[in-house]
Amino acid sequence: MTQLVIASRESPLAMWQAEHIRDRLTGLYPDLQVSILGMTTQGDQILDKTLNKIGGKGLFVKELEQALADGRADLAVHSIKDVPMELPDGFALAAICEREDPRDAFVSNSYASLAELPPGSVVGTSSLRRECQLRARFPQLDVRPLRGNVQTRLRKLDEGEYDAILLAAAGLKRLKLDARIRAELSPADSLPAVGQGALGIEIRAGRPDLMALLAPLNHPVTYACVSAERAMSRALGGSCQVPLGGYATQDGDQLTLRGFVATTDGRTMLTAEVSAPAEYADALGRAVARKLLDQGADDIMAALLD
Ligand SMILES: NCc1[nH]cc(CCC(=O)O)c1CC(=O)O
């Protein structure tokens, strides 16, 4: 292979991610030519509705998969958080790269932390996961929807529509916007989204040559952690309609996965945590899902999907 095309969304964060993978590939393979095919996805176009109302994360990846299927591109770089738990037939994940900061970030021009916000303060987030965890801890805050790419969300904060917003620390750090982060929420306070902070590289299935070329970009610890998180979400039938989170860490050979499912108001919050050797990442994910289902997660999800 002498030339590769990376399909990417056109948002500045997506482009940063694609360029990062391009640079890593050309570092590894100096003779390889890598170009980036920027694309707009439905998820980027529909900005007036929250994601859970328009069909969820798949909207960010479908157009990119179409480019892979057509042969217009060889690989697609995604925030793995945006990749549906089941890939369509004919596609494969070739690598999951080392995770950036997985935490949620608190951004505000007036306050240093959530605890400082006066009652009634308006906090922007369009993630049900962030919303329910926020409501559980700070029921006196006014949580309002906030969509758009990272820059758009910061602009809406700066224009005064919100007193504070929550977004992924990883995106801000990649865009060198770390200075905007006033506080990072610990995973205990705001359990991250499944896969948050990690990049995934998707290819067409049945390309062992490309699989081998991309293998050095895979980070085994991140791969194990994110596999456990995704197996949990898959076993829960996870979708954007359901407030859920999952975050795994690896210590030695031991993976620990914590997951939650909640009602959007944050009044019911089911949590489970299990540890297992890293080679059993998928089984670990299913075990955490089973514990959540045993506590009634299926009732919460059935009510939400009604
Ligand atoms: N939902 C959009 C999205 N997808 C990935 C990231 C951040 C980067 C990452 O999690 O890898 C973001 C922005 C955010 O949630 O604030």
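**Stop 1: a sheet of three strands**

Select strands S11, S12 and S13. These 3 strands form an open sheet in the order S11-S12-S13, with antiparallel pairing. S11 (244–251) and S13 (269–277) stand at the edges with a single partner strand each, so one side of each has no neighbour in the sheet. From one strand to the next, the twist averages 15°.

Some ground rules before you move on. This is a predicted model: local features need pLDDT of at least 70, side-chain atom pairs count only at pLDDT 80 or more, and totals for chains, interfaces and linings use all residues. Residues are numbered from 1 along each chain as its sequence is written. Helices (H or I, at least four residues) and strands (E, at least two) are DSSP runs, numbered from the N terminus. Two strands pair if DSSP finds at least two bridges between them.

Now show S11 with S12 (residues 254–262). The two run antiparallel and are joined by 8 bridges. Click on Asp251: which residue is its bridge partner in S12? The partner is Gln254.

Axes are lines fitted to C-alpha atoms, for helices over the stretch in contact, and angles run from 0 to 180 degrees between N-to-C directions.

**Stop 2: the domains**

Colour the protein chain by domain. Domain 1 covers 1–99 + 198–218, domain 2 covers 104–185 and domain 3 covers 219–306. These bounds come from an automatic or database domain assignment. The centres of domain 1 and domain 3, taken over C-alpha atoms, are separated by 24 Å.

**Stop 3: a sheet of five strands**

Select S5 to S9. The 5 strands make an open sheet in the order S7-S6-S8-S5-S9, and the pairing is mixed. Neighbouring strands are turned by 30° against each other on average, direction ignored.

Click on Phe106. This residue stands opposite Ala183 in S9 and opposite Leu166 in S8. S5 (residues 104–107) runs antiparallel to S9, with 3 bridges. S5 and S8 also pair in the antiparallel sense, over 4 bridges. S6 and S8 run parallel, joined by 2 bridges. Gly124 has Ile165 as its bridge partner in S8.

How many of the residues of S8 are buried? The count is 5 of 5. A residue is buried if 20 or more other C-beta atoms lie within 10 Å of its own, exposed if 12 or fewer, and partly exposed in between, with C-beta atoms placed from the backbone.

H5 (residues 128–137) lies across S5, S6 (122–124), S7 and S8, at about 175° to S7. H6 (residues 150–158) packs on the sheet and touches S5, S6 and S8; its direction makes about 165° with that of S8.

**Stop 4: Arg182**

Find Arg182 in the loop between H7 and S9. Arg182 counts as partly exposed, with 17 C-beta neighbours inside 10 Å. Leaving aside neighbours within four places in sequence, its contacts include Phe106, Val107 and Ser108. Arg182 and Ser110 are 72 residues apart in sequence, yet 9.7 Å apart in space, C-alpha to C-alpha.

**Stop 5: the ligand**

Select the ligand and its surroundings. The residues around it are Ser79, Lys81, Asp82, Leu167, Ala168, Ala170, Gly171, Gln196 and Gly197. Each has its C-beta atom, placed from the backbone, within 6 Å of the ligand. S8 (164–168) and H7 (169–174) each supply at least two residues of this shell. Why does the ligand shell lie between domain 1 and domain 2? Both domains give residues to the shell, so it lies between them.

**Stop 6**

Go to Tyr29, in the loop between H1 (12–28) and S2 (33–39). Tyr29 is partly exposed, with 15 other C-beta atoms within 10 Å.

Finish on S1 (residues 3–9), where 5 of the 7 residues are buried. S1 and S2 pair in the parallel sense over 7 bridges. One of the pairs to click on is Ala7 with Leu37 in S2.

Key. Contact = placed C-beta atoms within 7 Å.
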